[in-house]
Amino acid sequence: MSASTIQTEGIEFADKLRRNMSPSQLYEDALRYEPGTAISSTGALIATSGKKTGRSPRDKRVVEEASTVDDVWWGPVNKKLSEESFSVNYERAVNYLNTRDRLYVFDGYAGWDPKYRIKVRVVCARAYHALFMNNMLIRPTQEELENFGEPDFTIFNAGQCAADPHVEGVGSGTSVAISFERKQMVILGTEYAGEMKKGVFTVMHYLMPKAGVLSLHSSCNEGPDGDVSLFFGLSGTGKTTLSADPQRLLIGDDEHVWTENGVFNIEGGCYAKTIDLSAEKEPEIFNAIRFGSVLENVIYDDASRVVDYADCSITENTRCAYPIEFIPNAKVPCVGGKPQNIVLLTCDAFGVLPPVAKLTPAQAMYHFISGYTAKIAGTEEGVTEPEATFSACFGQPFLVWHPVKYAQMLAQKMQENNVNVWLVNTGWNGGAYGVGKRISLKYSRAIIDAIHSGELQDAEYSTYGVFNLQIPTAVSNVPAKVLDPSQAWEGTAEEFNGTISKLAHLFQANFKEYADKATPEIIAAGPQL
């Protein structure tokens, strides 16, 4: 398909168009035209994202439109933008893009299942952005590209151009806005590439439930017998680490859809954190950083081009984007059968949640909607109190529908497929942060192995009070004392009871936001004081 036959409203395509260029060509343009780019010692393209080194969730907007207004969960996650304001942003973006000497277009797919995949077009002015999306979307074959036709959704990335903060509903120099009716996303005032990745996920998070299938913020792997497991968890809970299993195939590390036939990955690549990365701890990711990968905001030696992954002087959010086939045990095409196990991961810094518990369907919905983990608080002036974090469906920033809709769809899938759901705590044991110890990764891996082997399906269980969880009395290669936090606790019984009571109150306070749409059974599945 020639450049002149591609139609995208407002963009004046001419000789400057660069469509689905090879990584080699994008490297050449990035090195020639974009300050701060370099080639790492292992062959990855090093790029900088400017002032913004992470997503800007406060600047995300969804257009209020007649066709979608009743579907969207309006509030702090999905803030309204008028159609008029979106048009102003769109015109600003297109006018900027039309002034560039070069424009890059990448046409790719979101979703490995042909029945549900959507065609996505990315229009941008940076080779780094085009290579990033070449890695993160599913790359079409030459034949598919020639017959691509019109996209289902278009991203206009004019991130080098600031938004007008005086536009009603915008309010700052950064704007990331989605119009479901116009099937467009407009990015202004941020060059952080992750906005495009999560923008596509947000679109899929709207379209997939509308099509009757469930989109999920999870990693996914498959065992030698074809058994599929989903892993949910916020940052720092071990989602990537525990789903990276040499005995199992990786279907994907972040975004999936559960259909009537099984699961499929939304993406064509991975976007891994690289802070403190080492070949010893995470060899698969370390070795995926080679020619074709994009490294963001890392520090490197000027002479050797060796990256210092411990250096966070630009940001702690250093990352690498690479095609999924760079992972040796990736399953391509990235599709699998119906999940048999769901693992909800939490890192409880209060030290009172068990390392593993088997959940009832109602408890699974309660903990899925809650999306709990606890971060370690800052240590200024001796503060060591953990900080509870709740993110609905383990991915609140990307939800479009009300969290209960996703939870109800998940419950239906669980019931139809007789899925086991497990709550796995990779956080503290024996006491809260500062007193207890982090649960050994060796123990967490043993627990996951026991889930996959079927050992925990047939184990004996006891009831763990307040949260009313069923915890196993024994797990191979895990000390029995570790399994029951009340037994592992090194302080007094009063301290333990006070801590578990405090956490239970935090759960209850958070869930009030969802109680109006949750059933009495789900509400009752939470902690009881």
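Helix α2 (residues 83-98) lies across β4 (60-63), β5, β6, β7 (118-124), β8 (153-158), β9 (175-179) and β10 (184-188), with contact meaning heavy atoms within 4.5 Å. Its direction is at about 65 degrees to β10; axes are lines fitted to C-alpha atoms, for helices over the stretch in contact, and angles run from 0 to 180 degrees between N-to-C directions. This is a predicted model, where local features need pLDDT of at least 70, side-chain atom pairs count only at pLDDT 80 or more, and totals for chains, interfaces and linings use all residues. Residues are numbered from 1 along each chain as its sequence is written, and side-chain values use heavy atoms, leaving out hydrogens and water.

**The sheet**
- Eight strands make an open, mixed sheet in the order β1-β6-β7-β8-β10-β9-β4-β5; two strands pair if DSSP finds at least two bridges between them.
- β1 (17-19) and β5 (79-81) are at the edges with a single partner strand each, so one side of each has no neighbour in the sheet.
- From one strand to the next, the twist averages 25 degrees.
- β1 and β6 (residues 103-110) run parallel, joined by three bridges.
- Arg 18 stands opposite Tyr 104 in β6.

**Another helix on the sheet**
- Helix α3 (residues 127-136) lies across β6, β7 and β8, at about 15 degrees to β6.
- Helices (H or I, at least four residues) and strands (E, at least two) are DSSP runs, numbered from the N terminus.

**After helix α9**
- Asn 418 follows α9 and has a positive phi, near 55 degrees.
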